[in-house]
Amino acid sequence: MNILVCVKQVPDAKDVRLDPVTNTLAREGVESIMNPFDRHALEEAVAIKEQQGGGKVTVITMGPPQAETVLREALACGADEGVLISDRAFAGADTWATSYTLARAVKTLGQFDLILCGKQAIDGDTAQVGPGLACRLRLPFATCVQKTRKISAEAIEVERMMDDGFDVLRLPLPALITVVKDINEPRVASLKGKMKAKKAEIRKLSAADIGASHQCIGLAGSPTQVVRVFSPEPRGDRKIFSGSVAEQVDQLVECLRAHL
C-alpha cells in the first residue's frame, strides 16, 4: 500500500512570535516541533504498513529549509521517504493556498492509496487543510478519525469522533483521513532509525517543480490575510456573584432585569 502523510513544522508553543510586517507567524530562527496531531497521522501510517505486510510511507511537508528536521524525525519513526516542498514564494500562505500547493505536490509525486493528515495544526487550529486537500484531489475523506477498523486494497473503514459517540464510515480508496490524538500512541524513534534518517536524502520540490501558479501560492494566492493583530479592549464593568448557587442565580436575574 502506498501511503502519504502530510506533516507540518510548527513553532513551539513557548516560542511563538509574529512577523511585524506581514502579521504572519515567524518561522525562521524559531524553535519548532512536528505538529502533535501529525505525529499520530505518521504513527497510523506506519502501523498500517506493518499490518499490511509491506508498502511505502512517504512524508511531505511545506515550509522553509529548516522544516527538513521534521521529515528526518518522521523517517526515524518508520517513514520511507521525505519530501520538502520549499520556496520563498510559499511564504504567508493561508489554508486555501496551502491546500493548493500540497495538491500540486501530490500530483507531482504520483498516485497514493491513502493520505493521512493530523486533524489540525496547533499554530492555526483551522482544521481546513486536510479537507481542502481532499477536495482539490477529488478524494473521499473523513475527518476526526479515532480508529481505523479495517483496510483492504479497495476500501478503509474508520470511526469518526463525534460529540455524542462516533460514526462508522467506509471509504473507497484512494481516500484521505484526518486523525485525532485518540487514534494511537506515537512510537519513539530507535537509535537505528535515527542513524538511518540522518543519512537519508530528502527530496526537495520548488514552486516550479510542482508546476504551481504564482497567483495561487503564498500571500498572493491567499484570500484570507491577517490585517492587524491586537489585544482586545476590556469590555465594560464586571460583576462577581457570591453566595449559594440559588443566591447567585437571583443576583444574576436582578442584574439582567436592570439592563432590559
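Start by selecting Arg-187: at 29% relative accessibility, this residue counts as partly exposed (buried means under 20% relative accessible area, exposed over 50%, partly exposed in between, using a 1.4 Å probe and protein chains only). Keep in mind that this is a predicted model, where local features need pLDDT of at least 70, side-chain atom pairs count only at pLDDT 80 or more, and totals for chains, interfaces and linings use all residues. Residues are numbered from 1 along each chain as its sequence is written, and side-chain values use heavy atoms, with hydrogens and water left out.

Glu-50 and Arg-187 form a salt bridge, with the closest N and O atoms 2.8 Å apart (a side-chain nitrogen of Lys or Arg within 4 Å of a carboxyl oxygen of Asp or Glu). The pair links distant parts of the chain, 137 residues apart: Glu-50 is in helix H1 (residues 36-52), and Arg-187 is in the loop between strand E10 (175-179) and helix H5 (191-199). Helices (H or I, at least four residues) and strands (E, at least two) are DSSP runs, numbered from the N terminus. Glu-50 is partly exposed too, at 48%.

Which residues line the largest cavity? Arg-39, Leu-42, Glu-43, Cys-77, Pro-186 and Arg-187 do. About 50 Å³ of space lies inside. On a 1 Å grid over the protein atoms alone, a cavity is a set of points where a 1.4 Å probe fits but cannot get out, a pocket is an open set with protein on both sides within 12 Å along at least five of seven lines, and lining residues have an atom within 4 Å of a point. Grid points are joined across faces, edges and corners, and a volume is the space filled by probe spheres set on the points.

Next, select Val-106, Lys-107, Gly-110, Gln-111, Phe-112, Ile-115, Leu-137, Leu-139 and Pro-174, the lining of the second largest pocket. Its volume is about 160 Å³.

Jump to Glu-159 and Arg-149, another salt bridge, at 2.9 Å between the closest N and O atoms. Glu-159 lies in strand E8 (residues 155-162) and Arg-149 in strand E7 (residues 141-151), so the pair ties together parts that are 10 residues apart in sequence. Glu-159 is buried at 7%, whereas Arg-149 is partly exposed at 39%.

Finish on helix H6, where Glu-254 and Arg-257 sit 3 residues apart, about one turn of the helix. Their side chains meet in a salt bridge (3.1 Å, N to O).
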